[in-house]
Amino acid sequence: MTEKPDQVAGLLLAAGGGRRLGGRPKALLEHRGQLLVERAADALRAAGCTPVHVVLGARADDVRERAVLPGCVLVENPEWAQGMGSSLRAGLASLRGTRAGATLVSLVDQPDVGPEAMARVLAAYTSGDSLVAASYDGMRGHPVLFGAAHWAGVAASAVGDRGARDYLRAHEDTITLVECGDVAEPYDIDTPSDLDRLG
């Protein structure tokens, strides 16, 4: 076991183009007066993540212009259209050389997963070997914390829209699950009918 480093970086995947939403990038959707990208980045910071890296893709220039993201490192993924896997790889690459010993990965399209759930998962971090995920009524979900020892393996398996799913399945026995169903609801904003959840 390696000594616990002093930083867990937040990694927000916010590059998607919202294909099923008629091409409306999810980062630019609003909920309770905030852009989803702002809301999720704020939640990572409030949970204790430092630094917070935000992966942008679709309409990245518009996001940079409109979003208030103080202190965030903005990472552009020119291959965002290939799926979430490319954004996860870009985000992990951006963390190389930082002091982070782990990263807490969050998705921009889950507006009800806030700082309470993120802080719970973060609190289960012990070392660069840590692998931790939120669970909801026993079902694994986001956010997910990857100790730095896992980054290369996650990046190698992250293809298409699968993100870290294959890696997590292969390491199921080593994942620490942290129940968050009492403080968050892990719904996604994926289709026009989901927009009703945004206020």
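Reply: Arginine 66 and glutamate 30 meet through their side chains in a salt bridge, with an N to O distance of 3.7 Å. Arginine 66 belongs to helix 2 and glutamate 30 to strand 2, so the pair ties together parts that are 36 residues apart in sequence. Arginine 66 has a relative accessibility of 41% and therefore counts as partly exposed. Glutamate 30 is also partly exposed, its relative accessible area being 44%. The model is a predicted one, and the distances and areas quoted here are computed from it.

In total, the structure holds 12 salt bridges. Another joins the side chains of arginine 162 and aspartate 166, at 2.7 Å from N to O. Aspartate 166 also meets the side chain of arginine 169 in a salt bridge, at 3.7 Å. Aspartate 166 and arginine 169 are both in helix 6 (residues 165-170), three residues apart, which is about one turn of the helix. Elsewhere, salt bridges with shared partners join Arg20, Lys26, Asp109 and Asp190 into one network. Aspartate 166 is partly exposed, at 29% relative accessibility, and arginine 162 is partly exposed as well, with a relative accessible area of 33%.

Lys26, a member of that network, is also in contact with glycine 16. Glycine 16 lies in the loop between strand 1 (8-14) and strand 2 (30-31). Apart from neighbours within four places in sequence, the contacts of glycine 16 are Pro25, Lys26, Ala58 and Trp80. Glycine 16 is partly exposed, at 37% relative accessibility. Its C-alpha is 11 Å from that of isoleucine 189, although 173 residues separate glycine 16 and isoleucine 189 in sequence.

Next, the nonpolar cores. The largest has 43 residues, of which Leu12, Ala14, Val37, Val54, Leu104, Val121 and Leu145 touch the most other members. Among the elements that give two or more residues to this core are strand 1, helix 2 (60-66), strand 6 (102-107) and helix 4 (115-123). Helix 1 supplies the largest share, seven residues. Valine 121, leaving aside its neighbours within four places in sequence, is in contact with Leu104, Val132, Ala133, Ala134, Pro143, Leu145, Val178 and Cys180. A second, separate core has 25 residues, including Ala9, Leu88, Val144 and Ala164.

Conventions
Residues are numbered from 1 along each chain as its sequence is written. This is a predicted model: local features need pLDDT of at least 70, side-chain atom pairs count only at pLDDT 80 or more; totals for chains, interfaces and linings use all residues. Side-chain values use heavy atoms; hydrogens and water are left out. Helices (H or I, at least four residues) and strands (E, at least two) are DSSP runs, numbered from the N terminus. Buried means under 20% relative accessible area, exposed over 50%, partly exposed in between (1.4 Å probe, protein chains only). Contact means heavy atoms within 4.5 Å. A nonpolar core is a set of buried Ala, Val, Leu, Ile, Met, Phe, Trp, Tyr and Cys residues joined through side-chain atoms within 4.5 Å. A salt bridge is a side-chain nitrogen of Lys or Arg within 4 Å of a carboxyl oxygen of Asp or Glu.
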